[in-house]
Every structure is written in structure tokens, then in C-alpha cells.
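Keep the sequence and the 3D view open as you read.

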Amino acid sequence: MQHSKNDLWVGLFVLLGGAALVFLALQSANLLSLNFHTGYPIVAKFDNIGGLKPQAAVRSAGVVVGRVQSITFDDKTFRANVTLDLDKRYAFPKDSSFKILTSGLLGDQYIGVEAGADEKNLAAGDVVTATQSAIVLENLIGQFLYGKAEEGASGAGNKK
Amino acid sequence: MSWWRPSDVGFAVRSKLADLGLATRLFVRLLALVGPTLRRPALLRDQIHFLGNYSLSIIAMSGLFVGFVLALQGHNVLQRYGSANALGLVVTLSLVRELGPVVTALLFAGRAGTSLTAEIGLMRAGEQLSAMEMMAVDPVRRILAPRFWGGVIAMPLLAAVFSAVGVIGGWIVGVLMIGVDTGAFWGQMQSGVDVFKDVGNGVIKSLVFGLAVTFIAVFQGYVAKPTPEGVSRATTRTVVAASLAVLGLDFILTALMFTL
């Protein structure tokens, strides 16, 4: 087959396109830091998950230790079953508690893990009920108003 | 031709169906010709050179300026909500998911699609295609297939270049000119962009657009009336039909990919 000067330019073009794809994959989507090692599933039961979404981070001491795998509703207990995929590298005591937190004022919701003191560790498939629900703003405001009203009533009573 | 006479309506429907059938048969033939086309890389190389390399400058420049504008507009809005740090994420997601494939396909239709239509249409007008058939050379295999596959290969590469240059453009304006923190710019981007869901789906989109745009261009040239006016009409139709096809397909693909 004959070579032509187009060979070089087409080769450069294809390489440039490939480099652009690699750039997008590595620099913007951070392919290398994806952890391909597997985790173990834990089910946490929450009264209210607020705006938690699948793929949300599970953090302990601020470090990402897993992801939320799926969220389902249990119509027997009327609670949410959140399946977490915890990284195999990390083990947590059996009495660890899970709570739903928010990063920043308008940030994403994530699950915070606080380690307990049990000597046994959580194993795959364990169910955790020591959870703290997401803070629902409406409830918070309701409680605040209720508290204020009560305070006002007792204050007025004292004045008399 | 009048709409109230049944025979005219019937004729119109029949000829539209015949056109559609012709287009579908040509499309299937071109898809089936991938093997023979790849076995003649010299033809393919020249087409990639013509369609890809020559479109590279316009694609790169457009990507750069789209990135600039996205960063300016995005920063303007994000700052109101105190989340200017998410600028990198906004710029990259909009480029990789939508603007990269769509704008590249529109530019590609204008830059490369028109030249394909005009070239093939003029070959038909000059009876070169008929001459080839006389010499027992199949014009679909020799002329149309390399151009079609050249465009299909070039399009995703161009879209990737567009998106990458756009991200760099967004970085230039966002970080260097406006002063968003560079760590936050890349960090938010990396935590929010998924390789397969965002970048991968963008590549699939650009591949589909490449098929659509190049096929429309090749088909319009192939069926153009062999007159100067016919070629000019075919060129216009290429731009109109390809642009509409890209935007329509984009809606369908986005609905399939990003709403599940």
C-alpha cells in the first residue's frame, strides 16, 4: 500500500480526538480514582430519608467509605430501607450509628457513620436500626414556633 | 397535484414511501459495507482527512468560545446562589452531555455535510456515477461508503475535541479571568461527572449524530436532481434536514439516557 502525506495528518487527527477523550475521562470524570474493588452491603432503616438519593456518599469522619446503593420503602414498618455499599477496606463496629447529614447549606445529603464500641464488626447483610433521620425543615420550624409560643405564654403568665 | 383528488393523494403517499424505502435500503447497504470500506483504508483515510482534519479548526474555535461563554453565564447565575465553585461541574456537564455532540453535529453538517452533498450531487450531474456503473464499479461501494464511514468516524472525535477544548475554555475564563478557585473548579467537576453516564453517553450521542448527518448528506447528494439547481437544493436540504434530525434525535436520546 502506498503512503501519502494525508497519513500523517489523519493519524494526528485521530490521536488528537483520542487525547481529547482521555482528557475528558481522566481530568473531568476522574476515571483513575474510581474504586473498582467491591464492598459489602448493609441495610439501614430510617424513619425519614429527606432528599437522600442513590449513589450518595457514605462518610465517616468526612472520608467517603461507601455509597448508597438503593432506597426502598417498607410498607410493613413504614420506614425506608437504605442499602449501603460499604468499602471492604473499612470495618465498623456492630453498634455504629448512621445519620443523614447535609453538606453545606444547599449541598447534597449524605450518610454519616459514627463508630460504636462493639467488639464485633458489621458484616454483609446486617441490618442497622440505630439511625437518625434527615432533618426536615418544616418540622424544625414547627417545633421552633411551638416552643416560642409556649415560652411567650409562660412569660405572659409570669408578668401577671 | 391537488389535495382533493384521491389519485393525487395516493401518488404523493406512494412516492414518499418509495423515497423512504430508497433511503432505508441505502442506509442498510452503507452499514453492511463497513467491512469492504475498512479493507480499503486509503479511501477512508482521504475522507477522514477531508471531513475531519479540515473541520478541526472550526470545531476547536467554536468549542473554545462556547466554553468561554458557558463559564461567563454560568458564573453569573451560580454566584447568585453562592455556589460559584460548581462552575467547573456546570460547564463540563453541559458540554459533555449536550453542547459538545449537538453543536459539533450542527457545525459538521454545515462544514462537511454540504461539501459531501455537493460533491456527490455534481458527480451525478456530470454522469460520473453512471460512468462508474458502466465500468462495473459500484458507486455506492467506491464513492458513498468511504465518505459515509469517514464522517461516522470523524464525528465522535470532533465532538470529543469540542468538549475538551470547551472545558479548557471554561477553565481559562472561570479560573484565570474571574478567579474561581482552581482546585474547586476541577474537584467539583471530578466528583460530579461520571465516566460512563456522562462522557460515555455523550460519545454515543455524537456517534448517532455522525450516522444521521453523514447519511443525510450522502443520500441527498445521491438522489439530487442532475442540474445545477438540483445540486443547490440538495445542499440546502442537507443542512435543514440534518439540523432538524440532530435536534430531534438529541431530544429522544436525552430522554432515554438521562431521565431513567
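This is a predicted model: local features need pLDDT of at least 70, side-chain atom pairs count only at pLDDT 80 or more; totals for chains, interfaces and linings use all residues.

Residues are numbered from 1 along each chain as its sequence is written, while chains are lettered from A and ligands numbered from 1 in the order in which they are written.

**Strands of chain A**

- Helices (H or I, at least four residues) and strands (E, at least two) are DSSP runs, numbered from the N terminus.
- Strand E2(A) (residues 57-60) pairs with strand E3(A) (residues 63-74) in the antiparallel sense, over four bridges. Two strands pair if DSSP finds at least two bridges between them.
- Val58(A) stands opposite Gly66(A) in E3(A).
- Two residues lie between the strands in the hairpin of E2(A) and E3(A), where Ala61(A) takes a positive phi near 55 degrees.
- E3(A) also pairs with strand E4(A) (residues 79-87), in the antiparallel sense over eight bridges.
- Ser70(A) has Thr83(A) in E4(A) as its bridge partner.
- The hairpin of E3(A) and E4(A) has four residues between the strands, and Phe78(A) in the turn has a positive phi of about 60 degrees.

**Helix H9 of chain B**

- H9(B) runs over residues 228-258, which is 31 residues. At 1.5 Å a residue it should span 45 Å, and its end C-alpha atoms are 44 Å apart, which agrees. The expected span is 1.5 Å times one less than the number of residues.
- Buried residues of H9(B) include Val231(B), Ala234(B) and Thr238(B). Buried means that 20 or more other C-beta atoms, placed from the backbone, lie within 10 Å of the residue's own.
- Helices H4(B) (87-125) and H8(B) (195-222) are among what covers these buried residues.

**Helices H4 and H6 of chain B**

- The axes of H4(B) and H6(B) come within 7 Å and cross at roughly 145 degrees. Axes are lines fitted to C-alpha atoms over the stretch in contact, and angles run from 0 to 180 degrees between N-to-C directions.

**Contact between the chains**

- The contact takes 23 residues from chain B and 18 residues from chain A. Two residues are in contact if their C-beta atoms, placed from the backbone, lie within 7 Å.
- H3(B) gives the largest share of the side of chain B that touches chain A, eight residues.

Technical notes:
A residue is buried if 20 or more other C-beta atoms lie within 10 Å of its own, exposed if 12 or fewer, and partly exposed in between; C-beta atoms are placed from the backbone.
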